Amino acid sequence: MSVEMRKSKLFGSNGQCVVRWRFFFTVAALAAALSLTAGPAQAQLDAYSIQVAVLDRSDEEQQDAYQLGMRSVLLRNSGDKTLLNRDEVRAGLRQADSYVEAFRYDTPEPGTVISRDTPLTDRVRSTGKATQLMLIQFNRELIDGLIRPAKRPEPEPQEGVDPFNRVSAALMWLMVEDGDQQMLISAARGQNVMERAREIAGGAGIILNFPAGDTKDEQALRAEDIKTAAADRVAAAAGRYAQPLTLAAHVSRTLTGNWEGVWMKVAAGQQQNQAFSSTSLDTALQQGIAWLGQNAGGTSSAPSTFRSSSSANASSAEGLVWVSPLRTTQSYAQVMRFLTGLDGVDVAYPKEVLSGGVVFAIMPRGAVPIVANAANSQDWIRQSTTPSSASESRFADGITAALEYLR
């Protein structure tokens with residue numbers, strides 16, 4: 001059924017709702033149906049449009065659909081999972097209807113499969129039924145303005161002040177090349193690499209943001225610009241995200257199987273460059289992000305905090321400590337500062353991250369009792385028995401101490 005797209009309820013000339021038929025499809029069946037060969041019910045959407053599954057056309061459910069759709073659109077275009085924590089974004093979501101440019105209802109054919117990513121309203125979740133898909137188009141300028149508020153005038157660079165000192169947040173343009181495959185890590189592609197990079201940065205107290213990876217990004221910055229460390233173009237493309245510092249890297253696998261990384265930091269009209277060689281992509285990420293956290297310049301290897309757990313003698317020299325629960329980068333950072341600040345601990349790094357907690361490697365192994373005793377003197381972390389959730393770790397047999405994060 002074709003319905004004109006407009007920001008109003010859709011009625012026929014006689015005042016009756018123009019939908020002439022309805023059918024129910026159970027949400028419980030959707031997950032199973034996703035594996036079938038039938039194609040998903042997906043309209044032609046841009047980055048600022050989204051479909052939401054609804055039960056009816058009530059005002060209450062319409063507002064619920066607006067908020068659900070707006071959350072997804074905000075995250076899709078920002079690439080920043082912490083965006084929804086900002087006060088102005090929360091305020092915007094409470095008035096989601098003011099960001100809507102147009103909408104329409106579509107009634108799928110019986111047996112149509114909807115996408116796994118389609119948001120479901122509360123009524124659909126509670127009843128297990130949906131009747132229609134609500135296509136919502138949000139205003140591009142308003143959404144962009146909420147993601148990236150109007151820039152404040154940048155302060156004049158102060159003489160003697162290092163813009164790369166005390167980095168707490170950065171935008172990261174990361175191009176990974178493996179053979180004939182090339183990928184810009186973004187909200188659209190390379191989720192595993194993105195999450196690993198954020199995990200490493202979180203251990204140093206740095207929040208990494210990634211580009212959306214949409215058409216606007218592709219037009220603003222070419223792969224060649226990242227490969228050649230074109231600072232002006234990188235800085236111009238980063239202006240969309242309003243971050244204090246931009247990190248750009250081209251990491252590629254060589255014919256010998258090693259990885260070569262060319263990294264660049266750009267901030268306040270200044271830039272720094274560094275190159276690293278490593279034996280794995282994970283180590284390459286550790287090296288580049290460790291360099292990001294350094295005050296200035298760089299070295300040819302990552303600091304000991306980020307030393308790779310795959311080093312030859314790591315397994316025999318390290319002790320494993322389970323810490324739970326850690327749900328934010330701030331929590332990671334606080335635990336890392338605690339561990340690395342203890343006398344007797346030479347190296348500490350996150351070895352495995354699970355939903356229930358994190359396994360930290362401590363070197364030397366004999367420093368594990370120091371960590372456990374020091375935790376007992378803190379009011380935000382304490383020694384505990386190893387919980388059952390730690391059994392999910394592939395290093396469960398090697399965990400010798402467990403800590404509970406109390407905040």
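Predicted model: local features only at pLDDT ≥ 70, side-chain atom pairs only at ≥ 80, totals over all residues.

Trainee: Which way do the side chains of strand 7 point?
Mentor: Gln132, Met134, Ile136 and Phe138 point one way. Leu133, Leu135 and Gln137 point the other way. Both sets are buried.

Trainee: Which residues of strand 7 stand opposite glutamine 51 and valine 100?
Mentor: Glutamine 51 stands opposite leucine 135. Valine 100 stands opposite phenylalanine 138.

Trainee: New topic. What is the strand order in the open sheet of 5 strands?
Mentor: The order is 15-16-14-18-17, and the pairing is mixed. The edges are strand 15 (347-354) and strand 17 (381-384), each pairing on one side only. Neighbouring strands here are turned by 30 degrees against each other on average, direction ignored.

Trainee: How do strand 14 and strand 18 run, parallel or antiparallel?
Mentor: Parallel. 5 bridges join strand 14, residues 319-324, to strand 18, residues 399-405. Serine 324 stands opposite glutamate 404 in strand 18.

Trainee: Why is arginine 382 called partly exposed?
Mentor: Its relative accessible area is 42%.

Trainee: What does arginine 382 touch, leaving aside neighbours within four places in sequence?
Mentor: Arginine 382 is in contact with Ala375, Ala402, Leu403, Glu404 and Leu406. As for alanine 372, it is 10 residues from arginine 382 along the chain, and their C-alpha atoms are separated by 7.9 Å.

Trainee: Helices now. At what angle do helix 2 and helix 3 pack?
Mentor: About 145 degrees, with their axes 9 Å apart. Helix 2 covers residues 59-78 and helix 3 covers residues 87-94.

Trainee: Which residues of helix 2 and helix 3 meet?
Mentor: Gln67, Met70, Arg71 and Leu74 in helix 2 meet Val89, Gly92, Leu93 and Arg94 in helix 3. That contact divides into 4 nonpolar, 2 polar and 2 charged residues.

Trainee: What about the largest nonpolar core? Which of its residues touch the most other members?
Mentor: The core has 29 residues, and Met172, Leu174, Leu208, Val251, Trp263 and Leu292 touch the most other members. Elements giving two or more residues include strand 8 (169-178), helix 6 (191-203) and strand 11 (246-253). Strand 12 (259-267) and helix 10 (281-292) are also among them.

Trainee: Which element gives the most to this core?
Mentor: Helix 10, with 6 residues.

Trainee: Glutamine 286 lies in helix 10 too. Why does glutamine 286 count as buried?
Mentor: Its relative accessibility is 6%. Buried means under 20%, so glutamine 286 qualifies.

Trainee: What polar contact does the side chain of glutamine 286 make?
Mentor: One with the side chain of aspartate 282, at 2.5 Å.

Key: Residues numbered from 1 in each chain as written. Heavy atoms only, no water. Pairing = 2+ DSSP bridges. Helix = DSSP H or I, 4+ residues; strand = E, 2+ residues; numbered from the N terminus. Axes fitted to C-alpha atoms, helices over the stretch in contact; angles between N-to-C directions. Contact = heavy atoms within 4.5 Å. Nonpolar A, V, L, I, M, F, W, Y, C, P; charged D, E, K, R; others polar. Buried < 20%, exposed > 50% of the residue type's maximum accessible area, 1.4 Å probe, protein only. Core = buried A, V, L, I, M, F, W, Y, C linked by side-chain atoms within 4.5 Å. Polar contact = N/O pair within 3.5 Å; in protein donor to acceptor, adjacent residues only side chain to side chain.
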